[in-house]
Amino acid sequence: MKWKDRFQFIRQNMQKNKSRVFMTILATSIGCAFLIVLASVGFGAQRFIVNDIMQDRAVTEITVYGKQTQEEGESPEITKDDIESFKSLETVKAVSHKIQLRTETEILYDAYSGGSTVSVVDFQSEKETGMKLSSGRMPQSENEVLIGYHLDQLLYKKSDEQTGDQIFNQNGLVKEEYRMDEGLLNKTVEIEVEQYKGDEWITETFPVEVVGIMEEPARDWQVSSDIYISEAVLTDIEAFTETAYGATIHPDMKTDEVETLQAEGKDRVYNDVQVIAGNMEQVENLSQNLKDEGYHIYSVTEELDQINIVFAVVKVGLIIVGTIALLIASIGIYNTMSMAVTERTQDIGIMKAIGGHPKMIRSIFLMESGYIGLMGAFVGVALAYLVSVGINMLLPLVIQQVFDQTLEEAIQLSYIPPYLALVCVALSIGVAMLSGLKPARKATRIDVLSALRRDV
Amino acid sequence: MIKVENLSHSFFVGKKNNRQEVSVLKDINLEVGEGEIVTIVGRSGSGKSTLLNLMSGYIKPTEGDIFIADKRVTDYKESAWAEFRADRLGFIFQSFQLIPSMTAYQNIELPMVMKGVSVKERKQRVVEMLDKVGLNDYQNHYPSELSGGQQQRVSVARALIVQPPIILADEPTGSLDQETEKELLDFIQKLNREENITFVIITHDEEVARVADRTIRLEDGRLAADREVAVR
Ligand SMILES: Nc1ncnc2c1ncn2[C@@H]1O[C@H](COP(=O)(O)OP(=O)(O)O)[C@@H](O)[C@H]1O
Ligand SMILES: [Mg+2]
């Protein structure tokens, strides 16, 4: 029997009991829609979280924390040699690295002052890694520096009258009334460093020129109070402190401790080493390479991997729950098909009597139940998309009502990736055919003579 | 064309612990030649239908062998029987056995649809066949909209449509009046002469037996007489 004829045959058969077929398709489509919508929440949440992670961190970034010492005398910290070896890798676009000053510093401008974190960066590398400025330009000469976006909002006039609570607002920034009323761009500021020398604390200042201000951090709770200086300034500071990286000596330190502080720093070690891959696809391979070479690294892909595992589990769970709805619908399909077989016993008997093959009869009934599954899936997918759009539209309203808060960005709680719809269509057809299996087998086993005698 | 050897058949009736064997056919031997019209006669309950059902593969014999078209069909499985029926056998039933939800046209077409014949060829052959059985004007009628004679013509057309060499008929005239019966018998004779189709016809009607080349009489499941009809 040709496929076309089978379809024709099935269409004719279904037309005999339209309302029953319609109800069964409806039940299947509701099951399908339920399954898709349930899973779509898992997909939506996953996408939301993944996007959130990707949003503020460059996804091509691999952070290198250090390395496992393999040979004796090799330091676990990242040295110039390591940086060079990273740079030589083919898939590496740039390597960003910092040296942090190991002392507390104050920034002075006019009568204003405030704390800051001072680091040495290689401005050329930073440019390659795509550092963006909110204003100004990248430093070119040795005493030019970049400052963090919030630094000017962290400086205030020192006086005995106010306590910290009065000066700072809840974001950790200086309240507007105490702030300086001009920006720091193109101003000369002084970095103040203290060191315990002889028997007393000595203070020294290092003037630097602010030529650029870094971008605002992605998270609004992050406060950027960095100052990025060139290595030449660090050398000046080290000359004053007489310790590596400007480390502070405390009066109660033992002599050998002081000596180590002084001896370090011949080979510079770097913090905040970030290897930037050429593109997202290379990150995974590159991460593995670096791991194999014994580096301790972190990349977003690792976190994504974990999140994806968690969500895979969640989604499988949701799909299982959704499939239960589909299974309930399959009981309806089973019922419909059983009735169809019973109703058509005579017809089947006649067909068998004049040479109808049992396989053909089985395939007709399997196709019929599969068709119910297919139609149910189609309607269900359409229904699910509608419900999904509805959820996404209503969610902001609900949040507004319940929490009295408006969302800054549109959250897509329900997201239906095309393959979810496809999986559901396949699942629906599968479940439908499975529930049609027994009725179909019953059809093939119909006894010709009893059917012809019409006594079944 | 058909050979039956030492064929016996028993039915089992009753529940498990009260099962009884009812012997219906006992040691039947007969042969039907190619192009013959053979009628099987006998009293009601003598086993005629059972014999034909065995030849059709609807039931399996308890003992003995059946050969059709040189094939030993005794041990055929259901699917083998299905293919064999579709290729070699045509069936005419007393109660027509048409599919009520299909038109005359569709009923006649059905065997070809099941065999996977192309639409074009199907159409051509059904139209030809409708012409042959004189149902041109009734092709879109459903069985319930046709008279008994017309229904039987549809069922004959359905049996003939795949041009089987053998047609098995169980009391084909049983539901027809004399006039229609005569028409059908004439048609059977015509087919036999023109297309050399072998017929095995069950009947308890002397009229039918008259068109036969040979009449086989069954009595209580045994072959009683195998009588050649001299005059056709
Ligand atoms: N399925 C069956 N189960 C039990 N007995 C049967 C069955 N079919 C037929 N018989 C019996 O077999 C005998 C012959 O039946 P059948 O072949 O139909 O006779 P006929 O067609 O000559 O009237 C009858 O006695 C009938 O009761
Ligand atoms: Mg009978």
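Here are a few questions and answers about a surface patch and a pocket in this predicted model.

Residues are numbered from 1 along each chain as written, with chains lettered from A. In this predicted model local features need pLDDT of at least 70 and side-chain atom pairs pLDDT 80 or more, while totals for chains, interfaces and linings use all residues, and side-chain values use heavy atoms, without hydrogens and water.

Reader: Which helix gives the most to the nonpolar patch?

Author: The patch is formed by Phe22(A), Met23(A), Leu26(A), Ile30(A), Leu383(A) and Val387(A). Helices here are DSSP runs (H or I, at least four residues). Both α2 (18-56) and α11 (358-403) of chain A supply at least two residues, but the most, four residues, come from α2(A).

Reader: Is Ile30(A) buried, partly exposed or exposed?

Author: Ile30(A) sits in helix α2 of chain A. Buried means under 20% relative accessible area and exposed over 50%, with partly exposed in between (1.4 Å probe, protein chains only). Because its relative accessibility is 49%, Ile30(A) counts as partly exposed.

Reader: Which element gives the most to the lining of the second largest pocket?

Author: A pocket is an open set of points on a 1 Å grid, with protein on both sides within 12 Å along at least five of seven lines, and lining residues have an atom within 4 Å of a point. This one is lined by 21 residues, with Leu449(A) and Ser49(B) among those nearest its centre. The most, five residues, come from α1(B).

Note on methods:
Patches are made of residues with over 30% relative accessible area and no salt bridge: like charges are joined within 9 Å, nonpolar side chains (Val, Leu, Ile, Met, Phe, Trp, Tyr) within 5 Å. Accessible areas come from the Shrake-Rupley method with a 1.4 Å probe; for residues, only the protein chains shown count as cover. A salt bridge is a side-chain nitrogen of Lys or Arg within 4 Å of a carboxyl oxygen of Asp or Glu. On a 1 Å grid over the protein atoms alone, a cavity is a set of points where a 1.4 Å probe fits but cannot get out, and a pocket is an open set with protein on both sides within 12 Å along at least five of seven lines; lining residues have an atom within 4 Å of a point.
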